[in-house]
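Me: Hey, I'm new to this one. Can you walk me through a couple of spots?

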Amino acid sequence: MKILIVEDEPELANSIKTFLESGGHLCEQVSRLDDALHIVDTVFDIIVLDLNLPDGNGLEVVRKVKNKGMKTGIIIVSARDSLDNKIEGLELGADDYLTKPFQMAELNARLKSVVRRVHFKGDDHIEFNELKVIPGEILVTVHNKPVDLTKKEFDLLVYFIANKNRVLTKTGIGEHMSKDFMDYGFTDDFIYTHIKNLRKKLLKAGCGDYIRNVYGVGYKFTDTE
């Protein structure tokens, strides 16, 4: 994902950026409201936004994104833990709210949740050619026939579809499949086995082979060469 970090505390901003980039995301980082309002015209998947900036209130970024009809997900991170600030941010259109201090694993969990909402655009299902996924029912169908997947295989497929046409690193896939970012129990074999099993089940059900190996990097879910 392409993520904008708007945070004026250098240590925290650098920690968030390092954390997200280690998961294969592309990050831009600014510390002032004016810079955020300028750069937000660039397309981002997610904005991690502090409210208390040196030159103004970060809620102005939320207003601009929503007024322009952009589909960018927004997670507010702020020391302002009053109910009024939280409600105002969410009412303006922010997707989630984290109060400082927070664990990176918690940020990671919130990111995954927002990504699902943003990419599924509020629908209860998503279709990709003959493939249909219904997250609320943990159901996958190919040509309207259900496919029996394990929970990890289902989560992996949702992750692929939410990031279709993007190269996903093995590290990023492994972290997504782990319980949280701090769980490093995955290996290349672990990832390969789950992807191989998922691909095998989809192909057997008559689905196209959309999971492509990107040599030396990871995988991409696409129906184009």
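Me: How exposed is F190?
Reply: F190 is partly exposed, because its relative accessible area is 23%; buried means under 20%, exposed over 50% and partly exposed in between, with a 1.4 Å probe and protein chains only. This is a predicted model, where local features need pLDDT of at least 70, side-chain atom pairs count only at pLDDT 80 or more, and totals for chains, interfaces and linings use all residues. Residues are numbered from 1 along each chain as its sequence is written, and side-chain values use heavy atoms, leaving out hydrogens and water.

Me: Which helix does F190 lie in?
Reply: Helix α8, residues 188-204. Helices (H or I, at least four residues) and strands (E, at least two) are DSSP runs, numbered from the N terminus.

Me: And what does F190 touch?
Reply: K152 and M177, leaving aside residues up to four places away in sequence. Contact means heavy atoms within 4.5 Å.

Me: How far is F190 from G174?
Reply: They're 8.2 Å apart, C-alpha to C-alpha, and 16 residues apart in sequence.

Me: Switching topic: is β6 mostly covered or uncovered?
Reply: Mostly covered: six of the six residues in β6 (73-78) are buried. G73, I75 and V77 point one way, while I74, I76 and S78 point the other.

Me: Which strand does β6 pair with in the parallel sense over four bridges?
Reply: β3, residues 46-49, and pairing takes at least two bridges found by DSSP. Within that pair, L49 stands opposite I76. Strand β7 (residues 96-99) also runs parallel to β6, joined by four bridges, and there L98 sits opposite V77.
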